[in-house]
Amino acid sequence: MAVNLVNVEAVSKVYGTRALLDGVSLGVSEGDRIGVVGRNGDGKTTLIRMIAKLEEADSGRVTHSGGLRIGVLTQHDSLDPAATVRHEVIGDLADHEWAGSAKIRDVLTGLFGGLDLPGFPQGLDTVIGPLSGGERRRIALAKLLIAEQDLIVLDEPTNHLDVEGIAWLAGHLRARRSALVCVTHDRWFLDQVCTRMWDVQRGTVHEYEGGYSDYVFARAERERIAATEEVKRQNLMRKELAWLRRGAPARTSKPRFRIEAANALIADVPPPRDTSELMKFANARLGRTVFDLEDVTVNAGPKMLLKHLTWQLGPGDRIGLVGVNGAGKTSLLRALADAATTQGEKQPAGGRIIVGKTVRLAYLSQDVAELPATLRVLEAVQQVRDRVDLGKGREMTAGQLCEQFGFTKEKQWTPVGDLSGGERRRLQLLRLLMDEPNVLFLDEPTNDLDIETLTQLEDLLDGWPGSMVVISHDRFFIERTTDKTYALLGDATLRMLPRGIDEYLERRQRMIETAAPAPAAASAPAKEKSAGDARAAKKELQKIERQLDKVSEKEAKLHTQIADNATDFEKVAKLDAELRELSAQREDLEMRWLELAEDA
């Protein structure tokens, strides 16, 4: 029987006049992997902070089992800006100790791309202070995962990770024995990792068995049972349910509840997109040419990101663009946008970009556009247009579109300066769509958006007739909104991937394996290592480890003697010389240990 790790009993929490949690009772047991979902501001982060005892409840209580080892990743790290990455992540472990740990090697490679931390100026010895928020977040995550925990609590762990990093993290968490409670808007990640779901809504928490797909099924079934009139069935959950059921079978695990009734909900739901109808409309709006690239070269400073690229973005194309950080995804969109906004006058470093005469581009960048803080939400939207034509006879007012994006009638009169980061992101996207573009470039559009807002955005894009390029690390969003996937693999080329992101991850894995030749193969003919060689290497490793222990003892004694004789400068100089000799001896032993580790 699984041991109960955390008990939450009748917990309530009020902010101002709003009850975020009202008499909530929950439990976390050994082996649980729980995903927490809900709208922004409904109390997800508050709930997990109380579980971790980082925040007190107004009433009720939270109890931990005796000796519970808990690791928490919050949205704001507590790293020492003056410390190095080595100090925060590895601590005082010697090189041979951490390099000999399979777990530490796996975490460093999975989160940073290699043991030498490529991308960090001084590798492990990089000082944390000047690093970006994303880099600091990966360091905090690595520090947590290297430690041994009974319960891991994570708040948005996939932020700032690319597709490969998210896939690695999902596999790592599945393999761990620790229990997990995780807040994330990444639906693919929830499906891969979680076996239970908590849905935080209006002060209560609804529990569901299974991952995200199972949760969608179960919630649709619950709403069907609760519905008393036909209008209750007309909601976005039915459409997402239809998408999940018609998607790849591997999307869902076996649900632990009846799904026949839920399937009845989607019996009359058409596919999410009428592709042929949208293509006809896109051709009418855009003509034959959207973007034609001929032998294009794109540079970022001295670095060549793309060379001799010949490619076409046609009317109605819905493209997902993935790739390693720094491969040139954003630079490619900027080159296309520059050509569009200058009517083809501004061209890339090499080659030519031809832009269709009817192209009306909207570009959602990663930077949130600044608006006057006193401007109201509805006014910010009406600045662009009062009404918008969504195609196929559909038209919406600014207020109606605001409501579809989660801005209620009351919220529409909120000053822009009072909005959260996620709400500003929603407003930025809303203003773009109000301008009636026929080409959309979306660079990380899912940042700061909750799952409910994401489903609303996906629903809106389903009927949007035009060409679209999406850059995102949210795998679910790319698969849901686009029809083709292209990849930048870091080799200055653009490739189409018929099998989508699964194929991208396979290609990247092959590239990593190919780029890591055996050290011996580079300088000498390949030589098979016999079992005897391996045994000899292990024996010498043990001998070196004993020598390293002795060196450590001698160093400790010398440090003590230096402290005791701090006023005797002559003796301190002599002891310091001995300490430097020992340090050089340690380095030689550690280098030999690392060489032998390969043979062993």
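Biologist: Of the 600 residues of the protein, what share counts as buried?
Modeller: Bear in mind that this is a predicted model, where local features need pLDDT of at least 70 and side-chain atom pairs count only at pLDDT 80 or more, while totals for chains, interfaces and linings use all residues. Residues are numbered from 1 along each chain as its sequence is written, and side-chain values use heavy atoms, with hydrogens and water left out. Buried means under 20% relative accessible area, exposed means over 50%, and partly exposed is in between (1.4 Å probe, protein chains only). For the 600 residues here, the buried share is 49%.

Biologist: Which residues of the largest nonpolar core touch the most other members?
Modeller: A nonpolar core is a set of buried Ala, Val, Leu, Ile, Met, Phe, Trp, Tyr and Cys residues joined through side-chain atoms within 4.5 Å. The largest has 72 residues. The ones touching the most other members are F291, L293, L427 and Y504.

Biologist: Leaving out residues up to four places away in sequence, what does L293 touch?
Modeller: Contact means heavy atoms within 4.5 Å. With the sequence neighbours left out, L293 touches L309, T310, W311, L332, L336, R352 and I353.

Biologist: In the open sheet of 3 strands, what is the strand order?
Modeller: Two strands pair if DSSP finds at least two bridges between them. β10 (residues 291-300) and β13 pair in the antiparallel sense over 5 bridges, and D292 has I354 as its bridge partner in β13. The edge strands, pairing on one side only, are β11 (303-313) and β13 (350-355). That gives the order β11-β10-β13.

Biologist: And which helix packs on that sheet, touching β10, β11 and β13?
Modeller: Angles here run from 0 to 180 degrees between N-to-C directions, using lines fitted to C-alpha atoms (for helices, over the stretch in contact). The helix direction makes about 120° with that of β10. The helix spans residues 329-341 and is α12.

Biologist: For the sheet of 6 strands, which strands stand at the edges?
Modeller: The order is β14-β17-β18-β12-β19-β20, with mixed pairing. Each edge strand has a single partner, so one side of each is left without a neighbour in the sheet. Those strands are β14 (361-364) and β20 (494-496).

Biologist: Why is helix α16 said to be largely enclosed by the rest of the structure?
Modeller: The buried list for α16 includes I451, L454 and L457, along with E458 and D459. The helix counts as largely enclosed because its buried residues number 11 of the 12.

Biologist: Which residues cover the two faces of β7?
Modeller: In β7 (residues 179-183), 5 of the 5 residues are buried. Strand β3 (residues 33-37) runs parallel to β7, with 4 bridges joining them, and β6 (residues 151-155) also pairs with β7 in the parallel sense, over 5 bridges. C182 is the β7 residue opposite G35 and also the bridge partner of L154. As for the faces, A179, V181 and V183 are buried on one side, and on the other L180 and C182.
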